[in-house]
Amino acid sequence: MVTTMETPFGSDQATTPLGVTVRPRPQRLKETNSPPPESVIAADRLTIRYGTFIAVHDVSLEIPSRQVTAIIGPSGCGKSTLLRAMNRMNDFVPSASVDGKLLYRGLDIYGPECDPVELRLRIGMVFQKPNPFPKSIYKNVAWGAAINGYRGNMDELVERSLRQAALWNEVKDKLQQSAYALSGGQQQRLCIARAIALEPEVLLMDEPCSALDPIATSRIEDLIDELKSRYTVVLVTHNMQQAARVSDWTAFMYLGELIEYDDTNVIFTRPNEQRTQDYITGRFG
Amino acid sequence: MTAQFVRLLDELQRRSLRMASLVEDIVQEVCEAAFDADERLARRAIGRDKEVDAEEVEIEAETVRLMALYQPVGSDLRFLCTVLKVNNDLERVADCAVNIAERAMHLDKSGLGRQSDAVHQMASIVRRMLRSAIQAYGVQDAQSGQSVFPEDDAVDALYGQIIQSIVADAVRQPDRMAAFLDVLSIAKNLERIADHATNIAEDVVFLKTGEIVRHRGGE
């Protein structure tokens with residue numbers, strides 16, 4: 001089965017630069033009628049299995065550069081599996097196997113020429129639960145850069161990363177304290193700073209606010225909005241209001257399939273697919 | 001919570017439709033009051049406007065409450081936006097009906113005079129438009145809602161004719177100016193009701209499709 005879908009790329013073309021079949025997308029809102037964004041990550045008929053179980057089925061989509069793409073869907077729909085495939089985190093699951101293509105700037109992520117360690121430097125990840133190292137705040141940020149041979153001014157890198165993660169003002173006077181002394185929301189921003197310190201191009205976020213209170217969640221959402229001027233963000237979330245608030249594009253997945261992928265404004269006001277409509281209005285899932 | 005939300009949406013829809021039905025009745029009554037010079041009917045219609053005003057406030061409060069508590073999206077969000085807008089239009093229709101009733105009570109014994117046929121015709125189309133718009137809203141049918149649009153042009157044309165006719169009469173009979181202004185006001189308020197019915201029909205299109213079809217003439 002060929003997956004036909006909306007993508008943010010090209011208005012009337014029959015295929016994307018990667019050969020993914022698309023149909024003309026609905027007319028865009030005037031204020032978002034800007035040139036088509038550049039693609040950073042592209043899935044082309046991607047299928048991911050755990051043993052015989054198909055977690056992601058024949059999915060094709062492209063992730064636009066320096067924008068926020070949200071992936072939503074009920075539990076078990078394959079959204080985290082798809083996200084984790086983008087920097088090969090599924091390699092740690094022995095039974096996982098992949099068919100189809102997943103490309104990062106033309107590089108086949110699952111091809112023999114792709115070094116997963118190198119890939120993860122370019123495509124960073126922030127997890128559901130804040131997971132700082134049992135080290136100082138400073139070392140949490142500096143660690144990844146240090147072991148990757150960073151030769152610049154480490155103090156500057158730490159400060160820049162913490163500033164970009166909107167944490168600097170809160171921790172600048174206690175950089176040598178344990179990261180565990182921070183609140184949950186601060187720890188999550190520290191994890192974002194740690195990912196940013198490696199100067200990735202893409203940040204994958206898997207439910208980054210699910211363990212946080214509403215205030216900390218709001219801080220992270222503001223941060224995501226700021227981060228998109230420098231980074232491409234792919235966000236998996238169960239919180240549909242969050243997807244609506246922070247993302248430019250939204251992909252809805254159900255039972256491993258990509259049901260609809262469109263401008264977030266369209267998905268949350270007048271989606272084209274009944275299943276999307278039913279999910280966002282809470283009629284199922 | 002979804003089941004509860006769906007139930008509350010259903011209740012809100014029923015309530016909004018009850019108000020629509022009340023407003024339609026009032027329009028019917030004031031038209032009869034104007035045609036038959038029935039002061040009792042006119043007064044009754046004016047009294048019922050208070051019910052509409054009270055209901056409008058309660059429906060608006062409930063809609064805002066549901067928006068705040070459930071943060072709806074998609075068709076639920078469009079529905080609540082539509083309820084708010086239709087609610088406002090219905091209240092304005094009732095106000096127009098009150099204006100007609102007040103003018104009807106002032107009409108002298110010559111009634112609607114030479115403009116009677118045109119006003120009758122106008123009222124007939126306006127009531128049909130209002131009924132069609134409310135029915136389309138009730139069953140959420142964008143197609144039948146769109147049938148209302150062309151009728152608005154017919155109402156506007158009749159209103160233009162009535163104005164011309166009144167201007168001509170006023171020149172000949174300046175002593176009857178007050179009566180002419182009453183007739184003109186009735187026609188003007190009928191024309192406004194047609195506009196509100198058109199708004200409701202446009203809102204039904206938005207409700208079903210998400211497309212905003214207002215201001216078509218400007219495109």
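Reply: The answers below take the terms one by one, and the model is a predicted one.

Me: What fold pattern does chain B follow along the sequence?
Reply: Chain B reads α-α-α-α-α-α-α. The assignment gives seven helices and zero strands in chain B.

Me: How many of the residues in chain B are buried, as a percentage?
Reply: Of the 219 residues in chain B, 40% are buried. A residue is put in this class if 20 or more other C-beta atoms lie within 10 Å of its own.

Me: What share of the contacts in chain B join residues at least 24 apart?
Reply: The share is 80%, counted among contacts between residues at least 6 apart in sequence.

Me: Why are strand E2 (53–64) and strand E5 (107–108) of chain A called edge strands?
Reply: The open sheet in chain A has four strands in the order E2-E1-E4-E5, with antiparallel pairing. E2 and E5 of chain A each pair on one side only, which is what an edge strand is here.

Me: How do you know that E1 (residues 39–50) and E2 of chain A pair?
Reply: Two strands pair if at least two bridges are found between them. E1(A) and E2(A) have eight, in the antiparallel sense. A:Ile41 stands opposite A:Ile63 in E2(A).

Me: Which residues of chain A and chain B touch, by count?
Reply: Nine residues of chain B are in contact with twelve residues of chain A. Helix H3 (residues 74–106) of chain B gives the most to its side, with four residues. That side of chain B divides into two nonpolar, six polar and one charged.

Me: What makes a set of residues a nonpolar core, and which is the largest?
Reply: Its members are buried nonpolar residues joined through C-beta atoms within 7 Å. The largest such core has 78 residues, and A:Ile71, A:Ala193 and A:Leu235 are among those with the most contacts inside it. Helix H6 (residues 184–197) of chain A supplies the largest share, seven residues. A second, separate core has 61 residues, including B:Ala33 and B:Met122.

Methods: Residues numbered from 1 in each chain as written. Chains lettered and ligands numbered in written order. Predicted model: local features only at pLDDT ≥ 70, side-chain atom pairs only at ≥ 80, totals over all residues. Helix = DSSP H or I, 4+ residues; strand = E, 2+ residues; numbered from the N terminus. Buried ≥ 20, exposed ≤ 12 C-beta atoms within 10 Å, placed from the backbone. Contact = placed C-beta atoms within 7 Å. Nonpolar A, V, L, I, M, F, W, Y, C, P; charged D, E, K, R; others polar.
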